[in-house]
Amino acid sequence: MPESSQVSYLFSLASWGVMLGGVIALGAVGLSLVYGVLRFANLAHGDLMTIGAYAVFSMLAWLPQGEALAPFSFGREFLVALALAMPLTGLVGWAVDRLFYRPLRRRESPPLILTMASLGVAFLLRSLVYLGWGADFRFYYTGRPRPSLALPLGVRIRPDQVFILGLTVLLVVLTYLLLEKTRIGKAMRAMADNPALARVSGIDTERVAAWTWLVGGALAAAAGAMLALDAQLRPEMGWFLLLSMFAAAVLGGLGKPYGALFGGVAIGVAQQEATAFLNPAYGPGVGFVALILLLLWRPQGLFGGQAVRLGRRRPSKWVRA
């Protein structure tokens, strides 16, 4: 391959990596929120993302189909379905918490037990996807053209990918404003910093836990829908992205939404660039290697979030809600 073509190819991989990083970042923000406030690594977050993507798929079957919103490949019905699927997936996350995690917190189970319980929940959610929609690959739109835009240096991207990145930035900014400017956001930050002190200060822990799941689930649904819009739906789509989301959350600092955005883009670019030298099937392995190195080098992340712990800390009484 000529040198100019190689440079163009690497730039194209970097641009696709930025778009993939947007999807990873959306999932990582929700993952980071749950870890920061409820203090356990939720291994079911990827499958919650899958539930959101399939919820959009079902709603598209019910909603009247319109013309594509040029230059994108989707119509208004996709935006409506996404707006409905986000709170619905948040409610699924809240229901999962009430059924499985809350009883464990009331018994003051260590974070490792909660993490193992989330692994069981991940298998349960994926089984429900298999039962409801089957194991075949699916698409939001079949037979609809998806033109690409030509950029300098020979880079080509699809308008849908630009939409994905724009929506990611918007949702991360909204999450940041929620945490910094609203009372519920301040309560969530207070619990993440010192749960015992927050509890004795009169903060409604049950309400904060519910908001954490609603926001985390909504962001997971957006991530799943964006990934399915760019590629296709499959029951394992969220599970395969879980390591990358963890790596992005740890890189940015757990509990730091803007850090998760940076971490997601960095992991996405690294995965895509690795395909220039490795078999594309090994791309997700880059996220795994990055996660191990980050845990060894800087477990609190680049932006100074909470360090990763699985079994050292027992949950405080504030999480009995």
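Predicted model: local features only at pLDDT ≥ 70, side-chain atom pairs only at ≥ 80, totals over all residues.
Numbering starts at 1 along each chain as its sequence is written, and side-chain values use heavy atoms, with hydrogens and water left out. Local features need pLDDT of at least 70, side-chain atom pairs count only at pLDDT 80 or more, and totals for chains, interfaces and linings use all residues.

Start by selecting residues 45-62, helix 2, together with residues 111-133, helix 4. (Helices are DSSP runs of H or I, at least four residues, numbered from the N terminus.) Their axes come within 9 Å and cross at roughly 20 degrees; axes are lines fitted to C-alpha atoms over the stretch in contact, and angles run from 0 to 180 degrees between N-to-C directions.

Now show side chains. On helix 2, pick D47, L48, T50, I51, Y54, F57 and S58; they meet A122, L125, R126, V129 and W133 in helix 4 (contact means heavy atoms within 4.5 Å).

Next, select residues 76-106, helix 3. Its 31 residues reach 44 Å from first C-alpha to last, close to the 45 Å expected at 1.5 Å a residue (1.5 Å times one less than the number of residues). Stop at R98, where helix 3 bends by about 45 degrees (the angle between axes fitted to the seven residues ending there and the seven starting there). Just after helix 3, E108 has a positive phi of about 55 degrees.

Finish with helix 5 (residues 159-181) and helix 6 (residues 183-193), which pack at about 80 degrees with axes 5 Å apart. That makes helix 5 roughly perpendicular to helix 6.

Notes
Helix = DSSP H or I, 4+ residues; strand = E, 2+ residues; numbered from the N terminus. Parallel < 35°, antiparallel > 145°, perpendicular 65-115°, else oblique.
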